[in-house]
Amino acid sequence: MAIEVNLDLPEALQNPTEYFAAARERGNIQWSSHHNAWMVLDHPGVEEGLRDAERLSSDKSATFARAARGQSEAFATAVSMLDSWMNFRDEPEHERLRAPVRRAFTPRAVSSLATEIQMIVDSTLDGMDRSAADLSHDFARPIPALVIGAVLGVPPGDRHRFYQWSHDLGQLTFAVNPGGAPADEVGCAATEFIAFFNELIERERSEPTGSLLSTIVASSGGMTPLELVGACTILLFAGHETTTTLLVNTLGHLLTHRETLAWLRAHPEAMETAVDEFMRVMGPARTLTRKVSVDHERGGHELWRGQNVFLCVAAANHDPGVFANPAALDLTRDPNPHLGFGWGPHYCLGANLARLEAAIALRTLLERFDTIEPRGDILPPRASALGYGRRPLPARLG
Ligand code: HEM
């Protein structure tokens, strides 16, 4: 039976292959009154939409300007910093903001972080209560924030503050109406982290630490001071919640699918392809949103300027036209052209870092503990249209 897409439904999360196959019977592109958006559901359509920055805009300036109106100065500063995030901008601004960060995230610079990531993972595991661990709170949550701290050259003692800032920023970026975000909390956090990052940037200018931030600062000639702080905060935000969610989804799956855990333990050499398959099947970004900037025809429909478009990564990643047996989790799947890190001009700058981090975290956990088992019930993932909600992962390690 053909259905109208509603990404909030549990079945869209639990059985995406079947759900999106039924949804595609109404067309690869269709209007969803629930989401008030055009939904793109096939892999070629989502990929093409991600490339088509000329007609599908990422710009959120108008939304941010509305959010800042009549608010405190601190809140308005937080909003204007978000306005300088490259993922919310179109060309030519997007490339101006992206270029210095791209220069820092070379494959060589990212792989040079492996030793430090390993140390972060080891010390996180050392500090965990094995008999009463929560793999979500004690493992998946701290590691990505600590890694971003390393990327930015933050002294280890200061890195733990990153969680809270990431959480506070999330209230603004994830708010459907950013103007409704808790202004005092967001304003206070913004004042604090802007001061913190300004200091960090100043230090990189006078005594470069050799971190990835050194490269960003060195090539940031065309950026304002607030844009440079914005670049630091986008790394914090884009690299934290997302990587945490990937780890939570993966670990949640391993705790409830003993055979997958046993297979991965027996095949550590498959960790890289496994991480990409977890990204395909349970990747953090379920939908990427755009706005129509020019009236045009797409898949036989008239799209009008100002309308919302949801490029459904979760649907594309289960498209049987591209993935053989998309419902199966195949940890050796290669090639795996999933769109979990996006595509085109906004393709994730941290994709290789996220892959490296997830591979080191999972490999170390499996190497260090012969027993990794759930302690009580593991709740299923919770859906939200754009991603996933938080959940605990109580576990016993031995
Ligand atoms: C599993 C973890 C991650 C996932 C699933 C993820 C996913 C994504 C996706 C889907 C986009 C494209 C957004 C769009 O087209 O609207 C994106 C962009 C971005 N990501 Fe990631 N990401 C992850 C980790 C990271 C990390 C670790 C960093 C850096 C430390 C990072 C930095 C960025 C940046 C800077 C952008 C903006 C690129 C642009 O707009 O040009 N991401 N990410």
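Is Phe237 buried or exposed, and what is its relative accessible area? Phe237 is buried, with a relative accessible area of 7%, where buried means under 20%, exposed over 50% and partly exposed in between, computed with a 1.4 Å probe on protein chains only. The model is predicted, so that local features need pLDDT of at least 70 and side-chain atom pairs count only at pLDDT 80 or more, while totals for chains, interfaces and linings use all residues. Residues are numbered from 1 along each chain as its sequence is written, and side-chain values use heavy atoms, with hydrogens and water left out.

Rings of Phe, Tyr and Trp (its six-membered ring) pair if their centres lie within 6.5 Å, and planes under 30 degrees apart count as stacked, over 60 as edge-to-face and the rest as tilted. By this rule there are seven aromatic pairs. Trp85 and Phe237 form a tilted pair, because their centres are 5.6 Å apart and their planes stand at 35°. Trp85 is likewise buried, at 2% relative accessibility, and ring pairs join Trp85, Phe88 and Phe237 into a cluster. Phe196 and Phe197 make an edge-to-face pair, with 5.6 Å from centre to centre and 80° between the planes; both Phe196 and Phe197 are buried.

| Side chain | Distance to a ligand oxygen atom |
|---|---|
| His94 | 2.6 Å |
| Arg290 | 2.7 Å |
| His346 | 2.7 Å |

Conventions
A polar contact is a pair of N or O atoms within 3.5 Å; within protein, one must be able to donate a hydrogen and the other to accept it, and residues adjacent in sequence count only if both atoms are side-chain atoms.
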